[in-house]
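Q: I would like to go through this model with you before I set anything up. Could we start with the term that the first residue on my list calls for?

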Amino acid sequence: MKNLLAIACAFGLFSGAVAAPKKVVMIAGKQSHGLLSHEHNAGIQLLAKCLKEGASKLVTPVVQLNGWPSDESIFEGADAVVIYADGGGRHPALQGNNLEKLGKLMKTGAGFLTIHYAVEPTTNKGNKEFLDWQGGCFETHWSVNPHWVANFNKIPKHPITRGVKPFKIKDEWYFHMRFRSDNMGKLIPILSDVAPKETMKRGDGAHSGNPAVRKAVAAGKSQHVAWAYQREDGGRGFGFTGGHNHLNWGNDDFRKTVLNAILWVAKAKVPKEGVPSKVTKEDLYANLDGRRGKKPAPKSAPGAKKK
């Protein structure tokens, strides 16, 4: 009887068996913008803190600051990779043969999640891989990056949106993203809104405008600024175009969307009400890049209005 009990415990046959937390490697890019913009290091540390406090039994965040890790053993056994960094030619994933290394990890079924500028590879390098891993990406001369107030008044039902209420917030929401045009995998819009005509005030350019996006905005076409992707191989991806304004992480629904998505891409079970987290003014002003002097903390969390 004792032997049977030992075997049952070893194989987790009893209902009390608990799965080990999923390993999530979280890469923050180097400093690139001014105070409270593109705060990659502070943002990643804030998200990791929230995961440790609200989902420690589900995921184990492993944080890498200031770019690609010199010790790549950090990726061993990773269930997901999160990147919050500059994109384009400065994207950490595009340096050297890093795409190839990530590709090997993706073949194991690992998840892939990018935040803000990190959703943008280059057309010649990374575009194909990002479409494969997360179903969509920013493509120059097709996508645009204006600052605007997005009103997410219709939240779809999905594990990533558990506990997320409709909200309204200003950010540099990229839109008119390049999505897969074939039927490989399943793309699920998570946050969408119709971009206002004011987003088209700039002239045509690599990031500012083009005939295709102008036509879409004029037609009132809904733009997906956060999306989930279920790969055919079982892996999962998520793209989130917000994250320019650091203080937006103080908005509960903005933050919960990304926290839930991190669990989802790592194949951890998202709680019924989403990942619980609480962010203070001190949390928002912790770990900011550079020596740019101390700024007074706001009297309240960021000016993100809920609706």
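This is a predicted model: local features need pLDDT of at least 70, side-chain atom pairs count only at pLDDT 80 or more; totals for chains, interfaces and linings use all residues.

Q: Then is His116 buried or exposed?
A: His116 has a relative accessibility of 1%, so it counts as buried. It is located in the loop between β4 (111-115) and α4.

Q: What is the phi of His116?
A: The phi of His116 is near 55°, which is a positive value in a residue other than glycine.

Q: And His141, where does that one lie?
A: His141 belongs to the loop between β5 (136-137) and β6 (148-152). Its phi is positive, near 65°, and His141 is again a residue other than glycine.

Q: Buried or exposed, in the case of His141?
A: His141 has a relative accessible area of 53% and is therefore exposed, given that the term applies over 50%.

Q: Let us step back. How many helices and strands does the chain have?
A: The chain has seven helices and 11 strands. Of its 307 residues, 51% count as buried.

Q: What share of the contacts joins residues 24 or more positions apart?
A: Such pairs account for 76% of the contacts in the chain with a separation of 6 or more.

Q: What pLDDT does the chain average?
A: The average pLDDT is 92, and 89% of the residues score at least 70.

Q: Which residues stay under 50?
A: Residues 7-15 are one such stretch, and the model gives them five contacts beyond four places in sequence. Residues 303-307 also have a pLDDT below 50, with 14 contacts in the model beyond near neighbours in sequence.

Q: Now the helices. How do α3 and α4 pack?
A: Helix α3 (residues 98-106) packs against α4 at an angle of about 20°, and the axes are 11 Å apart. Angles under 35 degrees count as roughly parallel, so α3 is roughly parallel to α4. Their crossing is left-handed.

Q: Which residues make that contact?
A: From α3 there are Leu99, Leu102, Gly103 and Met106, and from α4 there are Glu129, Phe130 and Trp133. By class, these are five nonpolar, one polar and one charged.

Q: Which residues of α4 are buried?
A: In helix α4 (residues 127-134), the buried residues are Asn127, Phe130, Leu131, Trp133 and Gln134. Phe130 and Trp133 also take part in the contact with α3.

Q: What follows α4?
A: Gly135 follows α4, and its phi is positive, near 80°.

Q: How do α2 and α6 cross?
A: The axes of helix α2 (residues 40-54) and helix α6 (residues 252-265) come within 11 Å and cross at roughly 70°. That value falls in the range of 65 to 115 degrees, so α2 is roughly perpendicular to α6. The crossing is right-handed.

Q: Which residues are in contact there?
A: Leu47, Cys50 and Leu51 of α2 meet Arg255, Val258, Leu259, Ile262 and Leu263 of α6. The contact has seven nonpolar residues, no polar ones and one charged residue.

Q: One last item: where does Ser37 lie?
A: Ser37 lies in the loop between β1 (22-28) and α2. Its relative accessible area is 16%, which means that Ser37 is buried.

Q: How far is Ser37 from Leu247?
A: Their C-alpha atoms are separated by 8.6 Å, while the two residues are 210 residues apart along the chain.

Note on methods
Residues are numbered from 1 along each chain as its sequence is written. Side-chain values use heavy atoms; hydrogens and water are left out. pLDDT is the predictor's confidence in each residue, from 0 to 100. Contact means heavy atoms within 4.5 Å. Axes are lines fitted to C-alpha atoms, for helices over the stretch in contact, and angles run from 0 to 180 degrees between N-to-C directions. Helices (H or I, at least four residues) and strands (E, at least two) are DSSP runs, numbered from the N terminus. Angles under 35 degrees count as roughly parallel, over 145 as roughly antiparallel, 65 to 115 as roughly perpendicular and the rest as oblique. A crossing is left-handed if the near helix is turned anticlockwise from the far one by less than a right angle, and right-handed if clockwise. Ala, Val, Leu, Ile, Met, Phe, Trp, Tyr, Cys and Pro count as nonpolar, Asp, Glu, Lys and Arg as charged, and the others, Gly among them, as polar. Buried means under 20% relative accessible area, exposed over 50%, partly exposed in between (1.4 Å probe, protein chains only).
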